[in-house]
Amino acid sequence: MSMSKSAANAWTASGVEYARMSDGIGLAYRRSGRPSGPRVVLIHSLALDASVWDRVVGRLDDTDIVSMDCRGHGRSDKPAGPYTVERFGDDIADLMGELGWSDAVIAGCSMGGCVAQAFAARHPELVRAMLLIDTTAWYGANAPAEWRARAVKARSEGLSSMAEFQATRWFGDRFRMDHPALVQHAMSVFTANDIDAYAATCAMLGDADLRRHLGSFRFPVSVVVGEEDYATPVETAQALVAAIPGASLTVLPAARHLTPIECPDQIADAIRSLFRRAAANA
């Protein structure tokens, strides 16, 4: 492996950048766009990787973009559990520290939205604005048991047995028909997951409860949700907006749970809008 920076805890391998987190874990990330542009950090959903954002990144070439594979996912290290959203949030802070970034717009989809909230609660000084996409602060009283049951199913039947259900949950009917290659790519990433890391992340999401932090956010926040999102429905997005001071809500017609893939134009527009709001608040 060749060093990509002068720091000993950053390197490149196979065209992907890596940074060492404060607990020693290696985190894979990609940096794209324009280095002098406004900064954004993109956090993906459960059991996928930074490629969730590929179609959005292509529409933000005037922006300095970092999209990582969260620990336990993609090309990042996959330590043994348990995992917490707070540790995932600290990974964002560690990565920004390695990059020398003092702040950024933070955008998270699904699991990434939970991580974004945990990061913002622990490191508010690093957040210029936040975009919460197809996500929630809390999956409900039954979530610990339900998420652990999902992990048990994955262990006993394999991730491939869940792929068809996930595809219909993640993408609208028309999108699956019109973009089979994009759907297949997401499914290939999903089924390639490390099962222990997947199970640990499921338990993490079942235990996550960020509700107590929402009222403390004092930066611009936008919430975006697909109209047909069955995983974190519109009502969940409305609850976030009600709890976060000054937050805005956008509902994307006929879209489901992975709107960065399904609706990249609208997600890119939402990020640009947050840059403008953050500049107005500066």
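A: In this predicted model, the axes of helix 5 (residues 163-170) and helix 7 approach within 10 Å and cross at roughly 130°. An angle of 65 to 115 degrees would count as roughly perpendicular and one over 145 as roughly antiparallel; helix 5 and helix 7 are therefore oblique to each other. Their crossing is right-handed. On the helix 5 side the contact is made by Ala163, Gln166, Ala167 and Trp170, and on the helix 7 side by Val183, Ala186, Met187, Phe190 and Thr191. By class, the residues of this contact are seven nonpolar, two polar and no charged.

Asn193 has a relative accessibility of 14%, so it counts as buried, the limit being under 20%. Leaving aside residues up to four places away in sequence, Asn193 touches Ala47, Gly72, His73 and Leu159.

Another helix pair can be described in the same terms. The axes of helix 2 (residues 85-99) and helix 3 (residues 111-122) come within 8 Å, with a crossing angle of roughly 70°. Helix 2 is therefore roughly perpendicular to helix 3. Helix 2 contributes Val85, Glu86, Phe88, Gly89, Asp90, Ile92, Ala93 and Met96 to the contact, and these meet Met111, Cys114, Val115, Ala118, Phe119 and Arg122 of helix 3. The residues of this contact divide into 10 nonpolar, one polar and three charged.

Now the charged pairs. Side chains of opposite charge can pair when their charged atoms come close. The structure holds 18 salt bridges. One of them joins Asp91 to Arg71, with 2.7 Å between the closest N and O atoms. Asp91 belongs to helix 2, while Arg71 lies in the loop between strand 5 (64-68) and helix 2, so this pair ties together parts that are 20 residues apart in sequence. Asp91 and Arg71 are both buried. They also belong to a network of salt bridges that links Asp23, Arg71, Arg87, Asp91 and Asp94.

Asp173 is partly exposed, with a relative accessible area of 45%, and Arg176 counts as partly exposed at 24%.

Arg256 and Glu228 form a further salt bridge through their side chains, at 3.1 Å from N to O. Arg256 is in the loop between strand 9 (248-252) and helix 10 (259-262), and Glu228 is in the loop between strand 8 (221-226) and helix 9 (234-243), so the pair ties together parts that are 28 residues apart in sequence. Arg256 is buried, with a relative accessible area of 7%, whereas Glu228 is partly exposed at 26%.

To return to the part asked about: helix 5 and helix 7 cross obliquely, in a right-handed sense, through a contact of seven nonpolar, two polar and no charged residues.

Methods
Residues are numbered from 1 along each chain as its sequence is written. This is a predicted model: local features need pLDDT of at least 70, side-chain atom pairs count only at pLDDT 80 or more; totals for chains, interfaces and linings use all residues. Side-chain values use heavy atoms; hydrogens and water are left out. Buried means under 20% relative accessible area, exposed over 50%, partly exposed in between (1.4 Å probe, protein chains only). Contact means heavy atoms within 4.5 Å. Axes are lines fitted to C-alpha atoms, for helices over the stretch in contact, and angles run from 0 to 180 degrees between N-to-C directions. Helices (H or I, at least four residues) and strands (E, at least two) are DSSP runs, numbered from the N terminus. Angles under 35 degrees count as roughly parallel, over 145 as roughly antiparallel, 65 to 115 as roughly perpendicular and the rest as oblique. Ala, Val, Leu, Ile, Met, Phe, Trp, Tyr, Cys and Pro count as nonpolar, Asp, Glu, Lys and Arg as charged, and the others, Gly among them, as polar. A crossing is left-handed if the near helix is turned anticlockwise from the far one by less than a right angle, and right-handed if clockwise. A salt bridge is a side-chain nitrogen of Lys or Arg within 4 Å of a carboxyl oxygen of Asp or Glu.
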